Amino acid sequence: MRQRLALSTLALATAVTAGVAAPASAARPDPVRQGLETLVDSDHAPGALASVLDGKGKFRTYTAGVGNRDTHAKMPRDAQVRIGSVTKSFTAAVVLQLVGEGEISLNKPVDKYLPGLVRGEGVDGKRITVRQLLQHTSGLPDFEDDVTSDILERRYVSPRDALDIALKHKALFKPGKKWSYSNTNYLVAGLIVERVTGRPLAQQIDQRVIQKLGLRHTYFPAPGETTIRERHPQGYRPEPTGAPARNVTAIDPSAAWAAGAMVSTNSDLNRFFSALLKDDGNPLLKKAQRKQMRTTVAMKEGDSRYAMGLGIMRVKQSDTCVFWGHSGGIPGFGTWSGATDDGRAASVTMTLEPKTGEAVQHLEETVAAGLCRR
């Protein structure tokens, strides 16, 4: 779930372009393919996969490594994976739709929608705005480390229970004074969506985003659902003892909920981010909400490369390459997805939970390789 900035060596599988095998001798090395090699060779992921959507609407898909470390089964192309915190971009899209409909105000306090619910040491829902939730400037403490064992042991944790766990910790800072990534922000945002609409968050994401965009392989897991529905690789988690990574494909992501529970494919994520950022004929957000989404705050003082908007991050790779997106890590998988203003998109997943800043950086660099090289 957490946003972090920062395996043995397996043979690289054949890259595929628009469903046709890539030529054996390319004029120059494909940087996306090289990025997947790094994830497998340097970051010790059993496998990795990627999808790139170009400016003409064509997809290129890639795989590296294996789909199952024990059986050495082939890595499936464009398979379903757990997307972790990339879920936050879906949750933010629904909140912003409700802002456009006049049901939610970004500048109103949390207490307007959830009166008396968000209270703790230094925490007061009367002083935290919806905008601060989506932008991680609320000061709300995180709950991720407290629920990891629940996720791994397949125990159901309700959103209210997860919130209670988070509020046992004191506030990180006064609202609006700093930036700090916290999954609790999106837990509260999801609860606001449910209070305002009177419907489950999963249903709202499905109707307002998934169905609208025709994302046929994307879903929000049902309560108690621990398996991945369609064709998928196995996901692994590094063991602190140095033992072989643990297979954690079957988990209960309920504790992650609005902050990180969803399942998708790289190509579906490309369709989502390409649509989310579109200016003309945007199927998800009105112009005013798109502007709000792209209004950013610095994530690290003195570092202009990264800035956080509402549910998406701006990454400045160079003066000529800027893209928007989100990363996500959850037991079993690490993903980075992004898109440019002109509709190009790229998504990359490794089948090992990224536990180092280097691994997250390599995911991001592979996305940039798909977006910044024309």
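Residues are numbered from 1 along each chain as its sequence is written, and side-chain values use heavy atoms, with hydrogens and water left out. Because the model is predicted, local features need pLDDT of at least 70 and side-chain atom pairs count only at pLDDT 80 or more, while totals for chains, interfaces and linings use all residues.

A pair of aromatic rings is described by the distance of the centres and the angle of the planes. Rings of Phe, Tyr and Trp (its six-membered ring) pair if their centres lie within 6.5 Å; planes under 30 degrees apart count as stacked, over 60 as edge-to-face and the rest as tilted. The count by this rule is 3 aromatic pairs. F90 and F272 form a stacked pair, at 3.9 Å centre to centre and with 10° between the planes. This pair links distant parts of the chain. F90 lies in helix α2 (residues 87–100) and F272 in helix α9 (residues 266–276), 182 residues apart. Helices (H or I, at least four residues) and strands (E, at least two) are DSSP runs, numbered from the N terminus. F90 and F272 are both buried. Buried means under 20% relative accessible area, exposed over 50%, and partly exposed in between (1.4 Å probe, protein chains only). Ring pairs also join F90, F272 and F273 into a cluster.

F323 and W336 form an edge-to-face pair, with 5.8 Å centre to centre and 80° between the planes. F323 belongs to strand β14 (residues 321–330) and W336 to strand β15 (residues 333–339), so the pair ties together parts 13 residues apart in sequence. F323 is buried, at a relative accessible area of 0%. W336 counts as buried at 1%.

Strand β3 (residues 47–53) has 7 of its 7 residues buried, so it is largely enclosed by the rest of the structure. In a regular strand the side chains alternate between the two faces of the sheet. Both faces of β3 are covered. G47, L49, S51 and L53 are buried on one side, and A48, A50 and V52 on the other.

Two strands pair if DSSP finds at least two bridges between them. β3 runs antiparallel to strand β4 (residues 59–65), joined by 7 bridges. L53 has F59 of β4 as its bridge partner. The hairpin of β3 and β4 has 5 residues between the strands, and there G57 takes a positive phi near 85°. β3 also pairs with strand β16 (residues 345–350), in the antiparallel sense, over 6 bridges. The bridge partner of A48 in β16 is M350.
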